[in-house]
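Hello,

Please find the structure below, handed over for your use. After it come the notes on what was found.

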Amino acid sequence: MDQEAIRGPGGRFVETTAARHMRELDRAEVLRLLSTVSLGRIVFTHHALPAVRPVNHLVVGEDIIIRIHEDGALGSLVAPSDAPGVVVAYEADVIDPITHLGWSVVVTGYARVVADTDEVDRYAHLLYPWVTHPMTSALRIRPDLVTGFWLEADPTRPVPAVRS
């Protein structure tokens, strides 16, 4: 099939091109894009099962910082003192729901609770809470595996217009 059609805003059908290119992103571009958004999803192990939570974040250098509160599932992510941290994945994206164009990135690495109270206080002022729970700490993800891609339209085909 050469073209796809989906129901867009107002119930109108919108043609979307099936001809897209997926361009791999390098580490620097992944981290730059990640710093342009504040929402992502953390993937971690909770009661021996995979769990996913939407969270807001900051990028500080190459580290991803997220807020946690002690009664939340993320508060249970404690690494043994002799380990580099708890393995987590972090994903963020900006993909247009109509054209299906945009980017998606995944960072896998080790997460540790931020121990320095001054750092936690600084992050508490920079990370706006989603819920009324006070931020009790922050989690720092040190990226190890950094991957991402950009979905781009085929430049040889015009971007379809919305039809009524």
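The largest pocket holds about 320 Å³ of space. A pocket here is an open set of points on a 1 Å grid over the protein atoms alone, with protein on both sides within 12 Å along at least five of seven lines, where a 1.4 Å probe fits; lining residues have an atom within 4 Å of a point. Grid points are joined across faces, edges and corners, and the volume is the space filled by probe spheres set on the points. The lining of this pocket consists of 13 residues, and those nearest the centre are Pro54, Val55, Arg67, His69 and Leu74. E5 and E6 are the elements that give two or more residues to this lining, and E5 supplies the largest share, four residues. Sorted by class, the lining has seven nonpolar, four polar and two charged residues. In this scheme Ala, Val, Leu, Ile, Met, Phe, Trp, Tyr, Cys and Pro are nonpolar, Asp, Glu, Lys and Arg are charged, and the others, Gly among them, are polar.

The model is predicted: local features need pLDDT of at least 70 and side-chain atom pairs pLDDT 80 or more, while totals for chains, interfaces and linings use all residues. Residues are numbered from 1 along each chain as its sequence is written, and side-chain values use heavy atoms, with hydrogens and water left out.

The protein chain as a whole has two helices and nine strands, in the order β-β-β-α-β-β-β-β-β-α-β along the sequence. Helices (H or I, at least four residues) and strands (E, at least two) are DSSP runs, numbered from the N terminus. Of the 164 residues in the protein chain, 37% are buried. Buried means under 20% relative accessible area, exposed over 50%, and partly exposed in between, with a 1.4 Å probe and protein chains only. Among contacts (heavy atoms within 4.5 Å) with a separation of 6 or more, 67% are between residues 24 or more positions apart.

Helix H1 covers residues 27-34, and Glu29, Val30, Leu31, Leu33 and Leu34 are buried in it. The buried residues of H1 pack against strands E3 (20-24), E5 (49-60), E6 (63-68), E7 (86-95), E8 (102-113) and E9 (137-153).

Asp63 is in strand E6 and is buried, at 11% relative accessible area. The side chain of Asp63 makes a polar contact of 3.4 Å with that of Arg140 and one of 2.9 Å with that of Arg142. A polar contact is a pair of N or O atoms within 3.5 Å; within protein, one must be able to donate a hydrogen and the other to accept it, and residues adjacent in sequence count only if both atoms are side-chain atoms. Leaving out residues up to four places away in sequence, Asp63 touches Leu58, Arg140, Ile141, Arg142 and Pro143.

Trp150, in strand E9, is partly exposed at 25% relative accessible area. Trp150 and Trp103 are 47 residues apart in sequence, but their C-alpha atoms are 4.2 Å apart in space. With residues up to four places away again not counted, the residues that Trp150 touches include Leu33, Gly102 and Trp103.

Regards
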